[in-house]
Amino acid sequence: MAETISGGCKCGAARYRGTLADVPMFRCYCRDCQQLTGGGHSEMVPLIAETFQVDGPRAEYQMTGGSGRPTWSSFCPTCGSPLTRRSERMAHCVYVHASSLDEPGRYTPSRTLHADAAQPWDTPFSE
Ligand SMILES: [Zn+2]
Ligand SMILES: [Zn+2]
């Protein structure tokens with residue numbers, strides 16, 4: 001059954017919603033995720049891109065991913081909360097940060113990515 005996920009930024013200016021995609025929720029320890037979250041890793045929830053809607057302001061930053069193709073990180077331009085990640089390679093999904101969910105408890109990660117890039121102070125749990 002299609003599950004609707006909603007969330008937004010700290011200040012409340014940016015709000016989003018979308019349908020949960022049938023691919024794993026994951027945590028990622030790559031350097032990009034460390035820098036974009038300000039922590040040791042990201043916690044990502046996949047939504048179906050064509051159902052994804054945002055109300056309010058949003059800024060998006062383009063990077064080059066590990067595959068050499070573009071990836072994007074979006075955030076609230078007022079409070080700076082990270083909102084989404086998306087990539088050309090996985091164009092059918094928009095990934096939202098678990099901490100931006102209205103109900104963060106719905107995040108149930110089943111995969112760990114780039115565990116080899118983890119910082120010594122943020123050791124991945126073994127799966
Ligand atoms: Zn905000
Ligand atoms: Zn990452």
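This is a predicted model: local features need pLDDT of at least 70, side-chain atom pairs count only at pLDDT 80 or more; totals for chains, interfaces and linings use all residues.
Conventions. Local features need pLDDT of at least 70 and side-chain atom pairs count only at pLDDT 80 or more, while totals for chains, interfaces and linings use all residues. Residues are numbered from 1 along each chain as its sequence is written, chains are lettered from A and ligands numbered from 1 in the order written, and side-chain values use heavy atoms, with hydrogens and water left out.

Zinc ion (ligand 1). I looked up its donors (N, O and S atoms within 2.8 Å of the metal, 3.2 Å for Na, K and Ca; water is not among the atoms, so sites may look incomplete). I found Cys-9 (SG), Cys-11 (SG), Cys-76 (SG) and Cys-79 (SG) at 2.3 to 2.4 Å. The site is tetrahedral, with angles of 106 to 113° (all angles between 85 and 135 degrees for four donors). I noted the sequence spacing as C-x1-C-x64-C-x2-C. Cys-9 sits in the loop between strand 1 (4-8) and strand 2 (15-19) and Cys-79 in the loop between strand 7 and strand 8, so the pair ties together parts 70 residues apart in sequence (strands are DSSP runs of E, at least two residues, numbered from the N terminus).

Zinc ion (ligand 2). I list Cys-28 (SG), Cys-30 (SG) and Cys-33 (SG) as its protein donors, 2.2 to 2.3 Å away. Their spacing is C-x1-C-x2-C.

Largest pocket. I looked up an open set of 1 Å grid points over the protein atoms alone, where a 1.4 Å probe fits, with protein on both sides within 12 Å along at least five of seven lines; lining residues have an atom within 4 Å of a point. It holds about 680 Å³, taken as the space filled by probe spheres set on the points, which are joined across faces, edges and corners. Of its 25 lining residues, Phe-26, Ser-87, Arg-89, Leu-113 and His-114 are the closest to the centre.

Conventions. Four donors count as tetrahedral if all angles lie between 85 and 135 degrees; four count as square planar and six as octahedral if opposite donors are over 155 degrees apart and all others between 65 and 115; anything else is irregular. Helices (H or I, at least four residues) and strands (E, at least two) are DSSP runs, numbered from the N terminus.
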